[in-house]
Amino acid sequence: MPALTPAALRAAVAQIAPAQLPSFVEHLDRAVEQAATQSTIAPLRTFLQWWGEFVAIQRYPARAARLCQLEAVAQEATDRETLRSALSEIRQITDLAHHEISA
């Protein structure tokens, strides 16, 4: 897992999900503008957290694929149990990613 810095995360995104690099740069620019406007680093922390979790998920192709499948199941669910099950597993994946970047 790369360090939670813009440079390290940019390199990771460029390697594992290059199509997402424009979104990364746009999000970073917004976070910097918000931090300056609000005189707080909170937007930058949110940015690092979001992209750290993204990298933690995307660096394992099977995990990323499963998340994509679950998101589709949740979006198309027609009953509560299917939705609950999909959301529960999505939460497990995102919790694992959060734990990985916090360790």
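Me: What should the 23 residues of helix H5 span at 1.5 Å a residue, and how far apart are its end C-alpha atoms?
Reply: H5 (residues 80–102) should span 33 Å, and its end C-alpha atoms are 32 Å apart, which agrees. The expected span is 1.5 Å times one less than the number of residues. Helices here are DSSP runs of H or I with at least four residues, strands are E runs of at least two, and both are numbered from the N terminus. Bear in mind that this is a predicted model: local features need pLDDT of at least 70, side-chain atom pairs count only at pLDDT 80 or more, and totals for chains, interfaces and linings use all residues. Residues are numbered from 1 along each chain as its sequence is written, and side-chain values use heavy atoms, with hydrogens and water left out.

Me: Which residues of H5 are buried?
Reply: Ala-86, Ile-90, Ile-93, Ala-97, Glu-100 and Ile-101. Buried means under 20% relative accessible area, exposed over 50%, partly exposed in between (1.4 Å probe, protein chains only).

Me: And what covers them?
Reply: The cover includes helix H3 (42–58) and helix H4 (61–76).

Me: What caps the N-terminal end of H5?
Reply: Asp-79 does, with a side-chain oxygen 3.3 Å from the backbone nitrogen of Glu-81.

Me: Switching to the whole chain: how many helices and strands?
Reply: 5 helices and 0 strands, running α-α-α-α-α from the N terminus.

Me: How much of the chain is buried?
Reply: 29% of its 103 residues.

Me: What box do the C-alpha atoms fill?
Reply: Roughly 45 × 30 × 25 Å, along the principal axes.

Terms used: Contact means heavy atoms within 4.5 Å. A polar contact is a pair of N or O atoms within 3.5 Å; within protein, one must be able to donate a hydrogen and the other to accept it, and residues adjacent in sequence count only if both atoms are side-chain atoms.
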